[in-house]
Amino acid sequence: MFPMKSFSIKMIMTDCSNFDVEMFRQPWESDEHWVMRRDFLLTHSNKLPLNRLLCLAQVFVNVELLGCRYPIPVMRQVAELSKDINSARDLNSKRQDRTQIHFVMSNEAKRSQPVKRTSKLS
């Protein structure tokens, strides 16, 4: 079982202008997930209360990386806040690069396939 990090209720409910963002990384988060969530936390740390910021940062990662969907007002808020996140733009450009379809002429495809040889043993 992973140890859960403990936070005081007072800290969660107050503003987060002076906080150590690294304390919010979870042991199961991949680097890609953490970079996006950290960027979101740092970008909006002075705009939202900490409890709301932590929730929206997780929603942001869930939407971008896992394809999750939430109620429309939450999706709108996250979409607006995510405009300022560079790692989200980087991820989208990587996705576009990976999903491009390259068409090949049929005669080129035939040439690139290995020739099957059959040998008859007598």
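## Residue L53

L53 sits in helix α3; helices (H or I, at least four residues) and strands (E, at least two) are DSSP runs, numbered from the N terminus. With a relative accessible area of 0%, L53 is buried. Buried means under 20% relative accessible area, exposed over 50%, and partly exposed in between, with a 1.4 Å probe and protein chains only. L42 is eleven residues from L53 along the chain, and their C-alpha atoms are 9.7 Å apart.

## Basis of the model

This is a predicted model, in which local features need pLDDT of at least 70 and side-chain atom pairs count only at pLDDT 80 or more, while totals for chains, interfaces and linings use all residues. Residues are numbered from 1 along each chain as its sequence is written, and side-chain values use heavy atoms, leaving out hydrogens and water.

## Overall make-up

The protein has six helices and zero strands. Along the sequence this gives the pattern α-α-α-α-α-α. Of the 122 residues in the protein, 30% are buried. Among contacts (heavy atoms within 4.5 Å) between residues at least 6 apart in sequence, 50% join residues at least 24 apart.

## Helices α2 and α3

Two packed helices are described by the angle between their axes and the distance between the axes. The axes of α2 and α3 come within 9 Å and cross at roughly 140°. Axes are lines fitted to C-alpha atoms, for helices over the stretch in contact, and angles run from 0 to 180 degrees between N-to-C directions.

On the α2 side, the contact is made by E32, H33, M36, R37, F40, L41 and H44. The α3 side includes L53, L54, A57, F60 and V61. The residues of this contact of α2 with α3 comprise eleven nonpolar, three polar and three charged. Ala, Val, Leu, Ile, Met, Phe, Trp, Tyr, Cys and Pro count as nonpolar, Asp, Glu, Lys and Arg as charged, and the others, Gly among them, as polar.

## The aromatic pair

The structure holds one aromatic pair. F40 and F60 form this pair, which is stacked, at 5.1 Å centre to centre with 25° between the planes. Rings of Phe, Tyr and Trp (its six-membered ring) pair if their centres lie within 6.5 Å; planes under 30 degrees apart count as stacked, over 60 as edge-to-face and the rest as tilted.

F40 lies in α2 (residues 31-44) and F60 in α3 (residues 50-66), so the pair ties together parts that are 20 residues apart in sequence. F40 counts as buried at 0% relative accessibility, and F60 counts as buried at 0%.
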